[in-house]
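Student: Hi! Could you walk me through this structure?
Tutor: Happy to, let's look at it together.
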Amino acid sequence: MNIKLLLVDDRLLVLECLSHRLNEEPNICVIRTLTNPEYLQHEIITNSPDIVLMNFRMELSNKIDLTTLLKNIPNLRVVILSMYEYTEYIQASYNVGASAFISEEKSFQELIFTIRQVYLGDKMFPKVEENQIDKMLTPKESEVLKRIAEDKTNFEISEEMMISIRTVEYHISSIIRKLDVESRVGAVVTAIKRGLLSIK
């Protein structure tokens, strides 16, 4: 049975090359390529891919909410392809619910292996250096940070996430420490620079 792929990238040449190479692989079929992320949900519903392979920059686009999308389509798996293997990028991909992250510097065979393993239900993320683990935001901290960027008060964050204000304060302190900043505003600015948040 073929693994059905939907490819998403704003670089048309990359899409065409990937589509051609992937379609040469046994049991892999590229059913659709997409350069405009606005149509992602429609294409997923219409074509029912097993895996979406997408560029990291587009994953952070304001036009895509992968967390919501994956919750609404539970059997869908997403593989993030990126030019850079930054810790922040890996963590951001993990936080939105992707199944794998792979650098464009890896070989084509490594990409194929990742796709096949993800199809079998595995999660495939690069190993993070031990000294970087403590600096990675947890999914909860990422949720809090997103709401801080939306100018929500601690009380509003507490209500929306159904956690105590003290817990919100704890998460904020942890975010500030991990991002090595001095304030909520500094956390938002740094997160945007690192690709952890997109500007709306």
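Tutor: One term to begin with: buried means under 20% relative accessible area, exposed means over 50%, and partly exposed lies in between, using a 1.4 Å probe and protein chains only. This is a predicted model, where local features need pLDDT of at least 70, side-chain atom pairs count only at pLDDT 80 or more, and totals for chains, interfaces and linings use all residues. Residues are numbered from 1 along each chain as its sequence is written, and side-chain values use heavy atoms, leaving out hydrogens and water.

Student: Okay, is Asp151 buried or exposed?
Tutor: Asp151 counts as exposed because its relative accessible area is 67%. You'll find Asp151 in the loop between helix 8 and helix 9. Helices here are DSSP runs of H or I with at least four residues, strands are runs of E with at least two, and both are numbered from the N terminus.

Student: What about the phi of Asp151?
Tutor: The phi is positive, about 65°, although Asp151 is not a glycine. Ser48 is another non-glycine residue with a positive phi, near 50°. Ser48 sits in the loop between helix 2 (40-47) and strand 3, and with 41% relative accessibility Ser48 is partly exposed.

Student: Back to helix 9, which of its residues are buried?
Tutor: In helix 9 (residues 154-161), the buried ones are Ile157, Ser158 and Met161. Looking down the axis of helix 9, these buried residues fall within an arc of 100°, so they line one face of the helix. That arc is taken from the directions from the helix axis to the C-beta atoms.

Student: And what's on the face turned away from the buried side?
Tutor: There, helix 9 carries the exposed residues Phe155 and Glu159.

Student: What covers the buried residues of helix 9?
Tutor: The cover includes helix 8 (139-149) and helix 10 (165-178). After helix 9 comes Met162, with a positive phi near 55°.

Student: New topic! How many residues does the largest nonpolar core have?
Tutor: That core has 37 residues, and those with the most contacts inside it are Leu40, Val52, Met54, Val78, Ile80, Leu145 and Leu179. A second, separate core has 19 residues, including Ile3, Leu15, Val79 and Val118. A nonpolar core is a set of buried Ala, Val, Leu, Ile, Met, Phe, Trp, Tyr and Cys residues joined through side-chain atoms within 4.5 Å.

Student: Where is Leu76 found?
Tutor: Leu76 is in the loop between helix 4 (66-72) and strand 4. Leu76 counts as buried because its relative accessibility is 6%. Contact means heavy atoms within 4.5 Å. Leaving aside neighbours within four places in sequence, Leu76 is in contact with Ile44, Pro49, Asp50, Val52 and Leu70. The C-alpha atoms of Leu76 and Asp50 are 5.8 Å apart, although these two are 26 residues apart along the chain.

Student: Asn55 next. What is Asn55 in contact with?
Tutor: Again leaving aside neighbours within four places in sequence, Asn55 is in contact with Val8, Asp9, Arg11, Leu81 and Glu104. Asn55 belongs to strand 3 (residues 51-55) and, at 3% relative accessibility, counts as buried.

Student: Last one: where is Asp10 found?
Tutor: Asp10 is in the loop between strand 1 (3-8) and helix 1 (12-23). The relative accessible area of Asp10 is 43%, so Asp10 is partly exposed.
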